[in-house]
Amino acid sequence: MRSFSIASGKGGVGKTSFVINIALALEYLGQKVLILDADLGLANVDIMLGLAPKFDIRYVLSGQLQLKDILLETEYGFTIVPAGSGINELTQLNTAQKLILKTQMEEAFKPYDFLFIDISAGISDNVLFFSQLADERIVLVTPEPTSMADAYAYLKVAYRKCRIKNFNIVINMAKDDSEGKRIYQQLLYVCEKFLPDIKLSLLGILHYDECVKKSIRSQIPFLKYCPDAKISTKVKEIAYKLINLKRLRDSNNLAEFLERFTQL
Ligand SMILES: Nc1ncnc2c1ncn2[C@@H]1O[C@H](COP(=O)(O)OP(=O)(O)OP(=O)(O)O)[C@@H](O)[C@H]1O
Ligand SMILES: [Mg+2]
């Protein structure tokens, strides 16, 4: 299982939409995908898909249910780990609690090829916990100056506090490819100047498309709602890239993920 955390610094830049649609794109490519909704305040993933989970991670932490029993299968093939407000507790477990959960994660996560962690905006300890937990990070940035500034703030804190060096960048809501490239170059320039040890790679550029908003209103992933839109093709290209990401091939990612979970 390869894991990715999705961060942005700024809120409302399209993290949850991206997570849902990249999950579906990977399902189309025959991958089994799990989404951990780790956005503290709002259970975004459930709402975007029109789901109302009965249980969440709090039932697991209190010992009432096993992790495998709360997993929510969706009609799209991918599965959700509903977290609710239990997500904060998840980052503050003692060693004994972590070991119990580790055993349950090992069993529950084994069948999956990918895990996406949809984390909150900002640069809180919670955000940094999940950023460190995943194998890789995807950072979403839009052309708004505030999004660029907040993405940079996230990169800086993730590097300075957690020594994270590799980041995958997705530019979202670009007017066209040339605007997307320009935004990426600006971010790269600032990072090379002030954070020379970190390494950015551009995963893809997604355009602004009204079909994203319409699909959310209909509570259907845009890959299904508007399969022929350019944004759907682009997300499929990113899914293909993730499968072939060199850094993650041939290593025992689930064991390393569980090890990090107990160490953090
Ligand atoms: N490529 C796009 N084109 C047009 N609108 C988009 C695009 N991507 C996202 N949006 C819109 O931006 C809004 C925020 O998206 P989303 O909820 O996915 O962001 P988020 O980063 O998860 O937000 P939050 O920080 O609140 O969790 C939604 O209304 C969505 O329709
Ligand atoms: Mg969200």
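In strand β8, the residue that bridges to I169 is L202. The model is a predicted one, in which local features need pLDDT of at least 70, side-chain atom pairs count only at pLDDT 80 or more, and totals for chains, interfaces and linings use all residues. Residues are numbered from 1 along each chain as its sequence is written, while chains are lettered from A and ligands numbered from 1 in the order in which they are written.

**Strand β7 and its partners**

Helices (H or I, at least four residues) and strands (E, at least two residues) are DSSP runs numbered from the N terminus. Two strands are said to pair if DSSP finds at least two bridges between them. On this basis, β7 pairs with two strands, as tabulated here.

| Strand pair | Sense | Bridges |
|---|---|---|
| β6 (residues 136-141) and β7 | parallel | 4 bridges |
| β7 and β8 (residues 199-207) | parallel | 7 bridges |

Helix α8 (residues 145-162) carries the chain from β6 to β7 in a right-handed β-α-β crossover; right-handed denotes a clockwise path from the first strand over the helix to the second, with the strands pointing away from the viewer. A right-handed β-α-β unit is also formed by β7, helix α9 (residues 177-194) and β8.

A residue is buried if 20 or more other C-beta atoms, placed from the backbone, lie within 10 Å of its own, exposed if 12 or fewer do, and partly exposed in between. Because 8 of the 9 residues of β7 (residues 166-174) are buried, this strand is largely enclosed by the rest of the structure.

In helix α7 (residues 125-133), the buried residues are V127, L128, F129, F130, S131 and L133. Their cover includes β1 (2-7), β2 (33-38), β5 (114-119), β6, α8 and α13 (253-263).

A23 lies in helix α1 (residues 15-28) and counts as buried because it has 28 C-beta neighbours inside 10 Å. Beyond neighbours within four places in sequence, A23 is in contact (C-beta atoms within 7 Å) with V33, I35, F78 and F116. The C-alpha atoms of A23 and G77 are 8.8 Å apart, with a sequence separation of 54 residues.

**Ligand 1**

Ligand 1 is surrounded by 20 residues (C-beta atom within 6 Å), of which G11, G14, K15, T16 and S17 are the closest. Two or more residues of this shell come from each of α1, β7 and α10 (210-217).

How values were computed. Two residues are in contact if their C-beta atoms, placed from the backbone, lie within 7 Å.
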